[in-house]
Amino acid sequence: MAPTPQAPFLATELLDELRTILLFTADFLAMTRSAEAAAAFIGFDSEQYHSESPSRVALDSFRIAPTITIIYDYAFQVGEARHFNEDLLQDALVFIDGIPRVGGQGAEGGETHPYMTEDGKCRRAITTANARWKLESPYPSELSVRELALLANMTEGAVRNALAAAGIKAKGSRTFVDVAFAREWLAGRRSFVPTTCWEYTPDAAHLDFRTARTVSDLSLALTRRAEQKGLSVAALATASTVVPERTAAWLNGTPDLDVGTAVALAAALDLDPALVAGRTVELLLRQSS
């Protein structure tokens, strides 16, 4: 039985840290551009923004706030993560790598904060979400010891010991394992929470179709959407009026690509037929070139 999802910190604590990051960013703007630019960004004037109470920051003015909330829900499987997608994750990754590593202005320059460390709440949530997405993504990837530790709710030392027992010699932060091994290894950890709080919605599937580069990518997106809707090959064949053999071939990654089948399957899966057909045509042209 999977453990009950429980985040390592509250969402309110995460958002307070986000407010602090924005305050440090305002100091950076005041120092590099102008006091007016900093005030326009954060919403009020201050000589040292990092010293201000985070409660002064109105997050409804910042696009990153709902993104971080969705990332938190997805990372720790504790809320409504159905709006999660890879674009939001990429935004969060860029955000966390671009935040100030030191703050303050003038004589108070050089201020630091725990958010700047690996254990910062925003960074931890984003790193965990990225690790979780690697398990779900159709693209081959590797997970680090830290990523395994975050997903398994273990210390990095404990993960290294467990890997050693599995015959993998850990080399500090440079140790990586492939996704297939990570999935199997995590499945055996009692503290690992599988991904259940995320639906493969039409929006998520459409994103995968837009980025599909191979027939396998196309088939995987169709398969995941069929699984989300609880449709077997036979049920999808009935719903789409595509013969079962052809339906199975499309889901298994061995289709004879044609626009008519693409449209029929897309409609049965509540997807945009034009998008799926367009990607099918592109793949057909690549095959013929």
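Let's start with a charge and a ring: the charged end of Arg-56 sits over the ring of Phe-44, 3.8 Å from its centre. "Over a ring" has a set meaning here: NZ of Lys or CZ of Arg is within 6 Å of the ring centre and within 35 degrees of the ring normal. There is another such case in Arg-189, whose charged end sits over the ring of Trp-185, 4.3 Å from its centre.

A word on what you're looking at. This is a predicted model, where local features need pLDDT of at least 70 and side-chain atom pairs count only at pLDDT 80 or more, while totals for chains, interfaces and linings use all residues. Residues are numbered from 1 along each chain as its sequence is written, and side-chain values use heavy atoms, with hydrogens and water left out.

Now step back to the whole protein. Its secondary structure comes to 14 helices and 2 strands; these are DSSP runs numbered from the N terminus, with helices being H or I of at least four residues and strands E of at least two. The C-alpha trace spans about 75 × 50 × 40 Å along its principal axes. Of the 289 residues, 46% count as buried (buried means under 20% relative accessible area, exposed over 50%, partly exposed in between, using a 1.4 Å probe and protein chains only). Take the contacts between residues at least 6 apart in sequence: 64% of them join residues at least 24 apart, where contact means heavy atoms within 4.5 Å.

Back to the rings. A pair of aromatic rings is described by the distance of the centres and the angle of the planes. Rings of Phe, Tyr and Trp (its six-membered ring) pair if their centres lie within 6.5 Å; planes under 30 degrees apart count as stacked, over 60 as edge-to-face and the rest as tilted. A search of the whole structure finds 8 aromatic pairs. One of them joins Phe-44 to Tyr-49, and this pair is tilted, at 5.7 Å centre to centre with 55 degrees between the planes. Phe-44 counts as buried because its relative accessibility is 10%, and Tyr-49 is buried too, at 1%.

How are the rings of Tyr-74 and Phe-84 arranged? Their centres are 3.7 Å apart and their planes are at 10 degrees, so the pair is stacked. Tyr-74 lies in helix α3 (residues 64-76) and Phe-84 in the loop between α3 and α4 (86-98), so the pair ties together parts that are 10 residues apart in sequence. Both Tyr-74 and Phe-84 are buried. Elsewhere, ring pairs link Phe-9, Tyr-72 and Phe-76 into a cluster.

Next, look at Arg-101, in the loop between α4 and α5 (121-136). Arg-101 counts as partly exposed because its relative accessibility is 41%. Its C-alpha atom is separated by 5.8 Å from that of Met-116, 15 residues apart along the chain. Leaving aside residues up to four places away in sequence, Arg-101 touches Ile-96, Met-116 and Arg-123.

On a 1 Å grid over the protein atoms alone, a cavity is a set of points where a 1.4 Å probe fits but cannot get out, and lining residues have an atom within 4 Å of a point. The lining includes Pro-138, Tyr-139 and Arg-224, and α10 gives the most to it, with 4 residues.

Key
On a 1 Å grid over the protein atoms alone, a cavity is a set of points where a 1.4 Å probe fits but cannot get out, and a pocket is an open set with protein on both sides within 12 Å along at least five of seven lines; lining residues have an atom within 4 Å of a point.
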